[in-house]
Amino acid sequence: MNWLVNTLGSSIGKKLLMAITGLGFCSFLAGHLAGNLTIYWGKDAFNSYAAHLHSLGPIITMAELGLLFFALVHILTGTTLFYQNFKARPVRYSMNKSAGGRTIGSRTMPYTGFFLLIFIVFHLINFHFIDKTGTTIYQIVHSAFENIGYVVIYVIAMIIAAIHVSHGLWSAFQTIGANHVKYMPFIKVVSYVFSLIIVIGFGFLPVYLGYIA
Amino acid sequence: MTKTINLTLKVWRQKGQKKKGRLETYKAVDISTDMSFLEMIDVINEQLTLEGKEPIAFDHDCREGICGMCGAVVNGRPHGPEKGTTLCQLHMRHFSNNDTIVIEPWRSRAFPVIKDLAVERSALDRMIQAGGFISVNTGGAQDANAIPVSQEAAELAMDAAACIGCGACVAACPNASAMLFLSAKVSQLALFPQGKPEAAKRAISMVREMDMLGFGNCTNETECEAECPKEISITNIARLNREFYKAGFFSAEK
Ligand code: FES
């Protein structure tokens with residue numbers, strides 16, 4: 001198994017770990033968003049979606065453990081990359097200028113990533129590890145977003161998630177080696193469209209719940 | 001008539017690898033806009049020598065953009081502001097009168113400063129050495145068409161082989177990663193049938209050597225392809241990734 005450690009522990013291997021776990025999170029986000037959209041069909045639709053999901057029992061537990069494992073890999077590898085890359089240039093330039101390659105997404109990856117980690121903990125405390133006896137998930141979410149502070153935090157978090165994904169998604173394809181003259185322009189467009197879907201799709205939900213529903 | 005300009009230069013001066021360096025300011029007066037950037041430094045160095053001061057050390061050789069010896073970071077951009085240009089091919093007409101120009105050496109843990117703007121780039125050679133050899137049969141020359149190579153593969157390999165090994169990709173990378181350089185060297189062989197027999201061994205040993213030399217990790221910032229004087233594309237990095245996965249996961253090579 002030494003070969004596996006050598007392969008995954010190399011600079012390209014660490015990139016691969018970031019790419020695969022990152023793509024995993026992107027598909028999770030797509031599924032999470034699809035489920036959340038049931039909110040627009042009213043509280044019964046949303047509550048029954050939640051009930052159906054929880055009736056899957058062990059499958060959900062397995063999925064949660066899988067996500068937790070992915071998160072650990074993504075965070076530990078990302079931190080290692082951040083530290084190693086910082087060390088790779090001990091004397092900094094006194095003048096830095098981009099040639100146009102970097103984007104806000106690529107520039108801020110470690111920082112947006114760190115913010116998202118804190119946000120996810122906050123999010124789980126709010127809606128996951130909360131006592132749900134005598135109430136419904138719809139009520140919990142609805143009353144949370146009556147607080148303007150929550151709405152602002154969630155909208156900002158979604159903007160930051162979109163910035164992270166705008167670089168992460170196309171970058172994952174480049175990393176797994178899928179850079180093709182025919183498909184790369186399309187993949188880049190998809191990354192930006194997907195980021196927009198995250199901002200609008202997730203970001204509008206708190207606003208809708210707090211002010212419209 | 002030749003136009004001349006006056007400039008203020010801030011140049012990194014460092015006596016040796018272990019010495020502390022700093023930016024020194026020099027006036028460059030009556031610089032012809034037809035000069036190259038290196039010729040401009042030559043003029044300053046003549047002036048410094050006449051004043052009995054130590055001239056600015058910098059690497060150069062061909063001065064026609066093909067050897068890869070020259071290079072410095074000019075106002076935050078490796079090889080200066082022009083696209084697809086080496087420092088020796090950068091002309092002073094791209095600067096305006098009274099400009100201030102900051103000139104720094106390539107910055108990377110793997111490229112220690114030897115003196116002033118000259119850096120030690122043998123790390124790049126070490127990666128190539130780690131790549132080893134390719135198998136070429138000796139004996140009578142075989143027919144030129146015995147091994148078919150598509151025009152497309154030949155073109156892509158030629159594009160990769162345009163790398164002059166100057167190190168600008170490392171200097172430009174926010175992570176000081178050498179992936180563009182390595183990907184060019186791996187690609188130029190991986191695209192040819194002649195490079196196939198040792199492809200797996202080559203990908204693994206070259207990547208391992210790169211990691212050992214203290215370069216950073218690529219995070220697809222794509223600054224390298226924007227700064228490369230030979231405009232080498234990051235599609236080569238994707239190819240290197242594929243070669244490395246093939247070698248790491250599917251070959252018997254360890
Ligand atoms: S001196 Fe040869 S490339 Fe500039």
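Q: How many bridges join strand β1 (residues 4-13) of chain B to β2(B), and what makes the two a pair?
A: Nine bridges join β1(B) to β2(B), and the two strands run antiparallel. Strands are DSSP runs of E with at least two residues, while helices are runs of H or I with at least four, and both are numbered from the N terminus. Within this pair, Ile5(B) has Ile31(B) as its bridge partner, and Arg13(B) stands opposite Arg22(B).

Q: What kind of model is this, and how are its parts numbered?
A: It is a predicted model, in which local features need pLDDT of at least 70 and side-chain atom pairs count only at pLDDT 80 or more, whereas totals for chains, interfaces and linings use all residues. Residues are numbered from 1 along each chain as its sequence is written, chains are lettered from A and ligands numbered from 1 in the order in which they are written, and side-chain values use heavy atoms, with hydrogens and water left out.

Q: What is the predictor's confidence in chain B?
A: Chain B averages a pLDDT of 94, with 100% of its residues scoring at least 70, on a scale of confidence in each residue that runs from 0 to 100. The model itself scores ipTM 0.91 and pTM 0.93.

Q: Which are the edge strands of the open sheet in chain B, and why are they called that?
A: The order of the five strands is β2-β1-β5-β3-β4 (chain B), with mixed pairing, and the edge strands are β2 (22-32) and β4 (77-78), each of which pairs on one side only. Helix α1 (residues 37-50) of chain B packs on this sheet and touches β1, β2, β3 (73-74) and β5 (100-104), contact meaning heavy atoms within 4.5 Å.

Q: What makes α3(B) roughly parallel or roughly antiparallel to α5(B)?
A: The axes of α3 (residues 151-161) and α5 (residues 179-190) of chain B come within 8 Å and cross at roughly 150°. Angles under 35 degrees count as roughly parallel, over 145 as roughly antiparallel, 65 to 115 as roughly perpendicular and the rest as oblique, so α3(B) is roughly antiparallel to α5(B). The contact is made by Ala157(B), Ala160(B) and Ala161(B) of α3(B) and Ala184(B), Ser187(B) and Gln188(B) of α5(B).

Methods. Pairing = 2+ DSSP bridges. Axes fitted to C-alpha atoms, helices over the stretch in contact; angles between N-to-C directions.
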